[in-house]
Amino acid sequence: MQVTADDLVGVLRGRGLRITAPRRSVCAILADAYGEHLTAADIHRRVEDTEGRSIDQSTVYRTIDTLEETGLLTHTHLGHGPLIYHLAGEAPHQHLMCRRCSRSIGMLANELEPFYAEITRLTGFVVDPTHGVIWGLCADCAATG
Ligand SMILES: [Zn+2]
Ligand SMILES: [Zn+2]
Ligand SMILES: [Zn+2]
């Protein structure tokens with residue numbers, strides 16, 4: 001189920017935040033960004049583009065934090081870079097990260113279920129597929145040695 005901007009606005013309101021234009025923009029930008037890997041800085045830049053003026057970074061970052069506390073937004077550590085965000089409702093995916101060209105490849109978590117299950121079977125460890133990356137070489141980089 002896709003999360004809409006209105007869902008996000010409703011959640012912020014429920015948390016007692018005043019729904020200002022920049023906060024509404026954060027919600028709209030996130031709802032439009034399915035499949036993208038936006039950082040907080042990306043979101044801040046888009047809010048400023050939308051609003052046509054400079055917006056306090058802390059307003060944007062606090063909105064992101066509040067949405068994350070509700071579970072509607074999750075972060076991923078995509079390699080060494082800044083955190084990127086996904087909305088709940090986006091298909092949970094494991095990110096494969098090429099250490100040479102820094103390309104990231106998404107694999108649906110349910111396709112990797114046997115792999116996660118084997119880790120749990122062997123160690124009792126329960127994997128969180130969306131939080132981090134698996135490092136390696138993409139097919140192109142692996143082929144060129
Ligand atoms: Zn992703
Ligand atoms: Zn590569
Ligand atoms: Zn984290």
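Mentor: Before we start, a definition: buried means under 20% relative accessible area, exposed over 50%, and partly exposed in between, with a 1.4 Å probe and protein chains only. This is a predicted model, where local features need pLDDT of at least 70, side-chain atom pairs count only at pLDDT 80 or more, and totals for chains, interfaces and linings use all residues. Residues are numbered from 1 along each chain as its sequence is written, chains are lettered from A and ligands numbered from 1 in the order in which they are written, and side-chain values use heavy atoms, with hydrogens and water left out.

Trainee: Is Asp140 buried, exposed or partly exposed?

Mentor: Take its relative accessible area, which is 47%.

Trainee: Which residue forms a salt bridge with Asp140?

Mentor: A salt bridge needs a side-chain nitrogen of Lys or Arg within 4 Å of a carboxyl oxygen of Asp or Glu. Here the closest N and O atoms are 3.1 Å apart. The partner sits in the loop between S4 and S5 while Asp140 is in helix H6, so the pair ties together parts 37 residues apart in sequence. It's Arg103.

Trainee: What arrangement do the four donor atoms make around the zinc ion (ligand 2)?

Mentor: Donors are N, O and S atoms within 2.8 Å of the metal (3.2 Å for Na, K and Ca), and since water is not among the atoms, sites may look incomplete. Here they are the SG atoms of Cys98, Cys101, Cys138 and Cys141, 2.2 to 2.4 Å from the zinc ion. Four donors count as tetrahedral if all angles lie between 85 and 135 degrees. The angles here are 102 to 115 degrees, so the arrangement is tetrahedral.

Trainee: Is Cys141 buried or exposed?

Mentor: Cys141 lies in helix H6 (residues 139-143), 40 residues apart from Cys101; helices (H or I, at least four residues) and strands (E, at least two) are DSSP runs numbered from the N terminus. Cys101 is partly exposed at 35%. Cys141 has 10% relative accessibility, so it counts as buried.

Trainee: Are the planes of Phe115 and Tyr116 stacked, edge-to-face or tilted?

Mentor: Rings of Phe, Tyr and Trp (its six-membered ring) pair if their centres lie within 6.5 Å; planes under 30 degrees apart count as stacked, over 60 as edge-to-face and the rest as tilted. The structure holds one such aromatic pair. With centres 5.7 Å apart and planes at 45 degrees, Phe115 and Tyr116 are tilted.

Notes. Tetrahedral: all angles 85-135°; square planar, octahedral: opposite > 155°, others 65-115°.
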